[in-house]
Amino acid sequence: MINVLNDIVILDASEGIAGPYCSMLLQNMGARVIKLEFDQYTDARNDVRYQLWNRGKEQFSLNLEKADSKSILSELIKISDVIILDGIESELSINELDYESVRNHNDNIIYCIIPPFSSTGPYKERHGNEYSVGAAFGLMGDQGDDGIPEFVRVPTAAYGAAFNSSYHITAALLWKEIHNEGKKIEISLSHSAMVMQSAQFMTGMNLPVRKPIIRDGIRAGVPIYRLFKAKDGWFFLAGGNPSFWNKLCIGLELEELVIDERFIDAPWGIPAEYHLELAEIFEPIFRKKTLEYWEEFMKLTDIPFAKVGTKSEYINHEQMSHNKTIESFNNNNLGNTKQISNIVYFDGGKTEINPLVKPTGFDNNKILTEIGYTQKEINHFKDKNIIYGNNE
């Protein structure tokens, strides 16, 4: 198959999760990604997640404290179609990585910045990462009940920023193809935290307010659209419309619930004061039988159902094996690892992750030679610590 972003060069100068994840998505679609590192002693390269998010990318190290580094940075910008950065733009300007400085070297570049909050407004200079921003914008406070927040381990704000950035970058690439003009893109972590929970931000006089209840240490939600405990484990019941509600009541021989005035607008219109009553009807029923029993029951009654799985079960699941969702990758530091593969199909096939590019080590010699530097000049850069690391 054709790698749809062939010949596109991405310069990823970001440091958090969102930027590297975004460029990983673009690399999965065939783009060439050069990961630009500025910190010689960063702990990030020892993080297992770093090995995942930066696989398939070329690595380039640059010491911005050295004067000659600016000319190299300029040449890297000139060969790039896209540059991805994170942080606060006014601080990036110190190293000439703000939009105007970058555009001076390549006026057609697509400049994507992922700030914590925004480039304008009262928080424009405020620092934050995916977790602190997520906490500030509802990702943790609204997960619990009665004022008790829950720590959400998945970096939702960062993933939201990565997805939105990759989407907007591809749109900007199309614009550039048609109009021969670059664009500046800003996708903040704060906006992304809100987008990833957009329905929860809807307000209006006629919108019903649902107050969840806590049962068995979980957020129960709507009584038939939630987690339940069976005899030997947990399952999720997705009885999210009147048809599923009716099928469930009939299948359990509880037809009287269908005409019960307390539950007349089930499932979503059940008044909050009756949530607990309905939960107390279903919970003991589900506890009596095994997961296998309920899986077959829901299949026969055509109600969406899933056993709660673990990551290890997912890795070995027959459907995942069929789709090759998990594949083996060799890593300089970690050896052979199993990682999530490229999961997007084009014309029935997946773009291969570049097997020749290692997720550790640097490609300084190769890239500097490509942009026109001689070996003598490259050796000078090494000697003066303008570039660093285990260069090939």
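Predicted model: local features only at pLDDT ≥ 70, side-chain atom pairs only at ≥ 80, totals over all residues.
Residues are numbered from 1 along each chain as its sequence is written, and side-chain values use heavy atoms, with hydrogens and water left out.

**Around Val102**
- Val102 is buried, at a relative accessible area of 0% (buried is under 20%, exposed over 50%, partly exposed in between, using a 1.4 Å probe and protein chains only).
- Leaving aside residues up to four places away in sequence, Val102 touches Ile77, Ile83, Glu96, Leu97, Ile109 and Tyr111 (contact means heavy atoms within 4.5 Å).
- Val102 and Ile77 are 25 residues apart along the chain, yet their C-alpha atoms are separated by 7.1 Å.

**Aromatic pairs**
- There are 21 aromatic pairs in the structure (rings of Phe, Tyr and Trp, using Trp's six-membered ring, pair if their centres lie within 6.5 Å; planes under 30 degrees apart are stacked, over 60 edge-to-face, and the rest tilted).
- Phe117 and Phe137 have ring centres 6.0 Å apart and planes at 45 degrees, so this pair is tilted.
- Phe117 is buried at 7%, whereas Phe137 is partly exposed at 24%.
- Tyr293 and Trp294 pair edge-to-face, with 4.9 Å centre to centre and 85 degrees between the planes.
- Tyr293 is partly exposed at 37% relative accessibility, but Trp294 is buried at 2%.

**Charges over rings**
- Arg226 has its charged end over the ring of Phe228, 4.0 Å from the centre (NZ of Lys or CZ of Arg must be within 6 Å of the ring centre and within 35 degrees of the ring normal).
- Lys289 lies over the face of Tyr293, 5.1 Å from the ring centre.
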